[in-house]
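Work through these exercises with the model open beside you. Try each task before reading its solution.

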Amino acid sequence: VPCFVNTCFPQAGIAMVRIFEELGHEVDFKEELVCCGQPAFNSGYWEEARPVARRALTALRDADAVVIASGSCGAMLKVFYPELFAGTAEEADARALAARCFEFSQFLVEQLGVTDLGARFPARATFHDGCHGLRELGIKQQPRQLLAHVRGLELVEMAEAESCCGFGGTFSAKFPAISTAMGEVKCASAVETGAEVIISNDSSCLMQIQGLLDRQRQSLRTVHLAEVLASR
């Protein structure tokens with residue numbers, strides 16, 4: 001469970017756990033798991049990122065599969081851990097963990113073969129593709145396959161579905177004006193669809209988008225994919 005989900009959007013993590021337990025799987029969340037090290041890694045502080053990432057490597061060593069409610073943190077573990085630990089004693093562990101890491105929708109569709117969870121979510125919605133999930137993990141059709149089976153949901157694609165929302169973690173802190181401008185493009189595209197809800201598989205993106213929508217006094221609300229799929 002990524003830091004920002006654990007701290008700000010626990011309902012997304014709870015929904016994900018509920019779904020897996022209903023499917024008959026045992027879910028383990030280790031409290032010693034903290035940050036995956038991505039903020040330091042993205043800022044170029046690889047030496048500082050390794051001790052943080054090392055804790056995750058140790059805590060997740062015995063997991064059959066690691067499922068992550070975020071394309072962003074998912075990419076860190078699956079794509080960037082092998083890069084971060086290349087040439088170190090932990091390289092083999094990092095590569096072994098990467099092979100067992102999956103983004104939430106990817107795991108449901110590709111590993112479990114599940115697309116219909118019996119969900120009901122009556123709303124007109126549009127979907128935002130987070131950058132890390134889309135570009136690093138190849139997540140595009142999996143969430144849409146799941147949403148296609150949600151009763152009462154009308155999914156309307158926005159023109160800027162694949163455009164960055166401008167958050168980018170530390171990017172939004174370093175370049176706030178550029179971040180805001182990018183987010184405004186995303187929000188305008190979502191509003192154009194006439195949707196009531198913006199769905200994504202990354203809460204960090206939704207936090208950025210919802211903040212801008214609130215400042216614009218728009219009625220659009222954001223919700224994580226797991227929450228939609230857990231709705232009855």
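**Exercise 1. Where is the kink in H4 centred, and about how many degrees is the kink?**

Solution. First, a word on the source. This is a predicted model, in which local features need pLDDT of at least 70, side-chain atom pairs count only at pLDDT 80 or more, and totals for chains, interfaces and linings use all residues. Residues are numbered from 1 along each chain as its sequence is written, and side-chain values use heavy atoms, with hydrogens and water left out.

Step 1. Find the helix. Helices (H or I, at least four residues) and strands (E, at least two) are DSSP runs, numbered from the N terminus. H4 covers residues 46–59, which makes 14 residues.

Step 2. Look for the bend. The bend at a residue is the angle between axes fitted to the seven residues ending there and the seven starting there. The kink is centred on Val52 and comes to about 25 degrees.

Step 3. Check the span. From first C-alpha to last, H4 reaches 20 Å, close to the 20 Å expected at 1.5 Å a residue. The expected span is 1.5 Å times one less than the number of residues.

**Exercise 2. List the buried residues of H4 and find what they pack against.**

Solution. Step 1. Apply the cut-offs. Buried means under 20% relative accessible area, exposed over 50%, partly exposed in between (1.4 Å probe, protein chains only). In H4, the buried residues are Ala49, Arg50, Ala53, Ala56, Leu57 and Ala59.

Step 1. Recall the helix rule. An α-helix has 3.6 residues a turn, so residues three or four places apart point the same way.

Step 2. Find the partners. Contact means heavy atoms within 4.5 Å. The buried residues of H4 pack against helix H3 (38–42), helix H5 (71–84) and helix H6 (91–99).

Step 3. Take a view from H6. Leu97 lies in helix H6 and is buried, at 2% relative accessibility. Not counting residues up to four places away in sequence, Leu97 touches Leu57, Leu60, Val66, Leu77 and Tyr81.

**Exercise 3. Work out the strand order of the sheet and name its edges.**

Solution. Step 1. Pair the strands. Two strands pair if DSSP finds at least two bridges between them. S3 and S4 run parallel, joined by four bridges. Arg120 stands opposite Arg151 in S4. S3 (residues 120–127) also pairs with S5 (residues 197–200), in the parallel sense and over three bridges. On that side, Thr126 has Ile198 as its bridge partner, and Phe127 stands opposite Ile199.

Step 1. Write the order. The open sheet has four strands, S4-S3-S5-S6, with parallel pairing.

Step 2. Name the edges. S4 (151–155) and S6 (221–224) each have a single partner strand, so one side of each is left without a neighbour in the sheet.

Step 3. From one strand to the next, the twist averages 40 degrees. Axes are lines fitted to C-alpha atoms, for helices over the stretch in contact, and angles run from 0 to 180 degrees between N-to-C directions.

**Exercise 4. Is Leu153 buried or exposed?**

Solution. Step 1. Leu153 is in strand S4. Step 2. Its relative accessible area is 14%, so Leu153 is buried. Step 3. Beyond its neighbours within four places in sequence, Leu153 is in contact with Phe121, Ala123, Ala125, Leu147 and Ile199.

**Exercise 5. Is Arg217 buried or exposed?**

Solution. Step 1. Arg217 sits in the loop between H12 and S6. Step 2. With a relative accessible area of 78%, Arg217 is exposed. Step 3. Its phi is near 60 degrees, a positive value in a residue other than glycine.
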